[in-house]
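Please work through the questions below with the sequence and the structure in view.

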Amino acid sequence: MRPTSPLAPLCAAMALALSGPPTAQAADPSFDCARAEHEIETLICGDARLAALDREIARLYGLARNGPHMDEAQAGRLAAYQRGWIKGRNDCWKAGAADAEKIACAADESMIRIMELRQGYADARADDAAGISGGPLPVACEGWAVGVGFAWAVTDPGLAVIAWMDATVPLEQAMAASGVRYVGSTFEGEYELWTKGDTAMLTIPGRERMDCRLEDIAE
């Protein structure tokens, strides 16, 4: 039986984005909100999108941790890194005085972790139908011999992350006449990834908009 194309969940995400936002879900993260001790955990418990990202990270972590390709040494490293990531995400209380700044920071950190888990552990990609994330897909751009990875999460609004070399940039879905468009910014400037089926346009600081292709990969 032929494996499902990794582009299939992206097409589903695009259809969802074009048809309207997903139905709102209760802010029910992977942990017990009654025992939340940290400011960021409290914010997660009050924000449906952050809660959905937290559940997805816990799901991906569980698949990786309990997957057939995991051994004891790898499991120990994965657990330690996960604890370190949670601590780093909780450091988003330093992002600014406003809750909105802390929430944005936590969303960015969550998308980066989703990319790390999906990219680093094949078992984390074993049951995508049960989750809200997809990728990473390779993005091949004309005239730029640099490999770019693209992962996403179907939230309201949608989120994505692109990564190449030592750069990782979280993006958020923005309005588009067609396809799905993500934008973001860093101190270096503005970023944009506009996907339409298996084609894309990518803009990063220092380069003109590039015509790209989302490459199918075999699992």
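Q: How are helix H3 and helix H5 oriented to each other, roughly parallel or roughly antiparallel?
A: In this predicted model, the axes of H3 (residues 48-66) and H5 (residues 99-120) come within 10 Å and cross at roughly 20°. Angles under 35 degrees count as roughly parallel, and the crossing of H3 and H5 therefore makes the two helices roughly parallel.

Q: Which hand has the crossing of H3 and H5, and what classes of residue make up their contact?
A: H3 passes H5 in a left-handed crossing. The residues that H3 brings to the contact are Leu50, Leu53, Glu56, Ile57, Arg59, Leu60 and Tyr61, while H5 contributes Ile103, Ala106, Ala107, Ser110, Met111, Arg113, Ile114, Leu117 and Arg118. Sorted by class, the contact of H3 with H5 comes to 11 nonpolar, 1 polar and 4 charged residues.

Q: How are H3 and helix H4 oriented to each other, roughly parallel or roughly antiparallel?
A: The axes of H3 and H4 (residues 72-90) come within 11 Å, and they cross at roughly 165°. Since angles over 145 degrees count as roughly antiparallel, H3 and H4 are roughly antiparallel.

Q: Which hand has the crossing of H3 and H4, and what classes of residue make up their contact?
A: The crossing in which H3 passes H4 is right-handed. On the H3 side the contact is made by Asp54, Ile57, Tyr61, Ala64 and Arg65, and on the H4 side by Ala75, Leu78, Ala79, Gln82, Trp85 and Arg89. By class, the contact of H3 with H4 holds 7 nonpolar, 1 polar and 3 charged residues.

Q: Across which strands does H3 lie, and at what angle does H3 run to strand S1?
A: The chain has 5 helices and 8 strands, and along the sequence its pattern is α-α-α-α-α-β-β-β-β-β-β-β-β. H3 lies across S1 (133-141), S2, S3 and S4 (167-174), and the angle at which H3 runs to S1 is about 90°.

Q: What does the strand order S1-S2-S3-S4-S5-S6-S7-S8 form, and what is the average twist from one strand to the next?
A: Strands of a sheet pair through backbone hydrogen bonds, either parallel or antiparallel. Here the 8 strands form a closed barrel with antiparallel pairing, in the order S1-S2-S3-S4-S5-S6-S7-S8. From one strand to the next, the twist averages 30°.

Q: How many bridges join strand S2 to strand S3, and which residue in S3 stands opposite Phe150?
A: S2 (residues 144-153) and S3 (residues 159-164) run antiparallel and are joined by 5 bridges. Within S3, the residue opposite Phe150 is Ile162.

Q: Which residue takes a positive phi in the hairpin of S6 and S7?
A: S6 (residues 189-196) and S7 (residues 199-203) run antiparallel and are joined by 5 bridges, with Lys196 and Thr199 as bridge partners. There are 2 residues between the strands of this hairpin, and the residue with a positive phi, near 65°, is Gly197.

Q: Which residue takes a positive phi in the hairpin of S7 and S8?
A: S7 pairs with S8 (residues 210-214) in the antiparallel sense over 4 bridges, and Thr199 stands opposite Arg213 in S8. This hairpin has 6 residues between its strands, and the residue with a positive phi, near 90°, is Gly206.

Q: What phi does Met165 have, and is Met165 buried or exposed?
A: Most residues other than glycine have a negative phi, and most peptide bonds are trans. Met165, in the loop between S3 and S4, has a positive phi of about 45° although it is not a glycine. Because exposed means over 50% relative accessible area, Met165, at 73%, is exposed.

Q: Where do the prolines Pro136 and Pro157 lie, given that each is joined by a cis peptide bond?
A: A cis peptide bond with omega of about 0° joins Gly135 and Pro136, and another with omega of about 0° joins Asp156 and Pro157. Pro136 is found in strand S1, whereas Pro157 is placed in the loop between S2 and S3.

Terms used
Residues numbered from 1 in each chain as written. Predicted model: local features only at pLDDT ≥ 70, side-chain atom pairs only at ≥ 80, totals over all residues. Heavy atoms only, no water. Axes fitted to C-alpha atoms, helices over the stretch in contact; angles between N-to-C directions. Parallel < 35°, antiparallel > 145°, perpendicular 65-115°, else oblique. Left-handed = near helix turned anticlockwise from the far one by under 90°. Contact = heavy atoms within 4.5 Å. Nonpolar A, V, L, I, M, F, W, Y, C, P; charged D, E, K, R; others polar. Pairing = 2+ DSSP bridges. Buried < 20%, exposed > 50% of the residue type's maximum accessible area, 1.4 Å probe, protein only.
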